[in-house]
Amino acid sequence: MIRSTIVVGDGVVALNVALALQRRGTQVTIVAPDAPWRGASWGNAGHIAVEQVEPLASLATVKSVPKRLFSRGGALALPARAIRRWLPFTVRLLRASTPARFARGKTALSAMLATAIPAWQRVLAEAGAPELLRLDGHFIVWETPESAAQGRASWLAADTGGATVRDVTAEEFARLRTLTTAPIAGAVRVEGSGQITDTGALGATLAARFAAQGGARVYGRARSIAAAADGATVTLEDGSHWDADVVVVAAGAASAPLVESQGLRAPLIAERGYHIEGEPGDWPADQPPVVFEDRSMIVTRFAGRLRAASIVEFAAVETPADPRKWARAARACGGAGAAAARSDRTVDGRPADVARLSARDRAQGRDRLCVRPPASGADAVGDHGRGAGGVATGRGAGLRSFPVRSVAVRVIRAG
């Protein structure tokens with residue numbers, strides 16, 4: 001019987017793992033740094049993309065890479081200085097993209113995604129905050145007749161699991177056109193997907209539920225994990241040791257080095273997303289997320305903010321952020337990005353508010369989209385991670401459902 005567990009990490013995966021263990025009667029301790037949430041769980045688009053049943057590793061994704069590269073105006077960045085990180089990952093992705101492996105991955109992913117919405121409903125009902133989940137679906141829009149015809153045909157023919165895709169109504173189309181100065185040539189609505197309305201409130205709610213159920217917290221950064229005679233030991237950077245029957249590692253991009261000493265290989269890569277966020281202004285509070293597929297961008301209205309998520313960069317966690325990518329994201333968001341760039345304090349050549357919000361870590365896609373600007377300023381934000389609803393890079397290659405996809409959850413037990 002497992003009596004005690006340490007969960008390393010406090011992102012959305014770690015918190016849900018901790019809550020699930022508590023339901024089984026296990027005493028759980030979370031080990032994570034004492035710092036405001038800046039991780040990938042809280043810096044994404046909040047989109048529960050149950051329609052994305054096709055794995056990222058596919059021949060279609062591989063074929064689309066050249067036109068998606070940042071160097072060619074796209075939203076996928078593979079920096080030369082990080083080639084030792086992304087090249088091995090690319091090789092693994094190629095191997096996983098064979099038709100047979102794609103089919104197996106799709107079967108597994110479809111089964112998991114089918115449980116995502118009910119799982120979120122249960123978790124949030126238990127936490128007393130069902131209003132944090134909206135089930136209004138989302139929109140996908142295109143800006144040229146050619147891309148609209150192609151995109152519409154692709155989505156209407158796609159396997160979208162438990163979600164459905166339909167043409168927008170005249171009223172919906174008219175409303176979409178009021179949201180942006182970009183030309184909208186066509187749109188579809190995906191029904192059955194969900195959205196977290198406030199990622200910060202989600203974190204606070206799950207953490208409060210964990211504490212109310214008797215959960216303990218140790219504030220510090222895990223340095224190593226070792227098997228012990230009767231369980232496992234987590235050693236923190238301050239030298240302190242913490243023991244439990246089981247250790248679960250759910251620390252995003254930091255997971256791989258923690259489990260290597262136990263002979264476990266977690267083939268992870270860090271992914272940084274470059275986002276722009278600001279006051280919502282006139283963007284309707286009940287507006288579902290809008291994916292601008294031609295531009296690999298998703299715009300989400302949260303409870304008190306509007307966030308546009310775009311460029312992704314595959315590298316290492318310690319790779320410095322690239323100001324050029326914020327600049328392009330800012331141009332794509334028109335007035336919202338300009339507001340962030342006006343900061344008169346800089347850190348490493350970036351606005352101070354940008355630097356403060358740029359460290360979001362998780363493990364693992366054009367020139368101008370003028371979203372009608374918010375009423376006040378915006379912040380540029382970034383996150384590291386493996387697709388947690390932060391970026392839309394086309395069908396089957398972008399939006400992800402973070403409730404069911406762990407970047408690394410490994411169990412280390414004695415024996």
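A salt bridge is a side-chain nitrogen of Lys or Arg within 4 Å of a carboxyl oxygen of Asp or Glu. With that term in hand, select Arg272, Glu313, Asp322, Arg324 and Lys325, which are linked in a network of salt bridges.

Before the tour continues, two remarks on the source are in order. The model is predicted, so local features need pLDDT of at least 70 and side-chain atom pairs count only at pLDDT 80 or more, while totals for chains, interfaces and linings use all residues. Residues are numbered from 1 along each chain as its sequence is written, and side-chain values use heavy atoms, with hydrogens and water left out.

**The whole chain**

Display the whole chain, which has 12 helices and 22 strands. Helices (H or I, at least four residues) and strands (E, at least two) are DSSP runs, numbered from the N terminus. Of the 415 residues in the chain, 55% are buried. Buried means under 20% relative accessible area, exposed means over 50%, and partly exposed lies in between (1.4 Å probe, protein chains only). The accessible surface of the chain is about 17,600 Å², and carbon and sulfur atoms account for 54% of that surface. Accessible areas come from the Shrake-Rupley method with a 1.4 Å probe; for residues, only the protein chains shown count as cover. The count of salt bridges comes to 19.

**Arginine 217 and aspartate 10**

Select arginine 217, which is placed in strand 10 (residues 216-219). Which residue does the side chain of arginine 217 meet in a salt bridge? The partner is aspartate 10, at 3.0 Å, N to O. This pair links distant parts of the chain, since aspartate 10 sits in the loop between strand 1 (4-8) and helix 1 (12-23), 207 residues apart from arginine 217. Arginine 217 counts as partly exposed because its relative accessibility is 26%, whereas aspartate 10 is buried, with a relative accessible area of 15%.

Leaving aside neighbours within four places in sequence, arginine 217 is in contact with Asp10, Ile30, Ala32 and Phe210. Contact means heavy atoms within 4.5 Å. Select isoleucine 6 as well: it is 211 residues from arginine 217 in sequence, and the two are 9.4 Å apart in space, C-alpha to C-alpha.

**Two further salt bridges**

Side chains of opposite charge can pair when their charged atoms come close. Select glutamate 172 and arginine 166, whose side chains meet in a salt bridge of 2.8 Å, N to O. Is glutamate 172 buried or exposed? Glutamate 172 counts as buried, because its relative accessibility is 13%. Arginine 166 is partly exposed, with a relative accessible area of 25%.

Proceed to arginine 175 and aspartate 286, where the side chains form a salt bridge at 2.6 Å, N to O. Arginine 175 lies in helix 7 (residues 170-179) and aspartate 286 in the loop between strand 15 (270-278) and strand 16, so the pair ties together parts that are 111 residues apart in sequence. Arginine 175 is partly exposed at 32% relative accessibility, and aspartate 286 is partly exposed at 46%.

Arginine 301 is buried yet has no salt bridge; aspartate 286 is its nearest side chain of opposite charge, 7.9 Å away. For charge, Lys and Arg count as positive and Asp and Glu as negative, while His and the chain ends are not counted. A polar atom of the side chain of arginine 301 lies 3.0 Å from the backbone oxygen of alanine 303. Not counting residues up to four places away in sequence, arginine 301 touches several residues, including Gln195, Trp283 and Leu306.

Step back to serine 296, in the loop between strand 16 (290-292) and strand 17. Serine 296 has a phi near 55°, a positive value in a residue other than glycine. Serine 296 counts as buried because its relative accessibility is 6%.

**A nonpolar surface patch**

Finally, select Ile83, Leu87 and Val91, which make a nonpolar surface patch of about 220 Å². Patches are made of residues with over 30% relative accessible area and no salt bridge: like charges are joined within 9 Å, and nonpolar side chains (Val, Leu, Ile, Met, Phe, Trp, Tyr) within 5 Å. Valine 91 belongs to helix 3 (residues 83-95) and is partly exposed, with a relative accessible area of 33%.

How values were computed: Polar contact = N/O pair within 3.5 Å; in protein donor to acceptor, adjacent residues only side chain to side chain.
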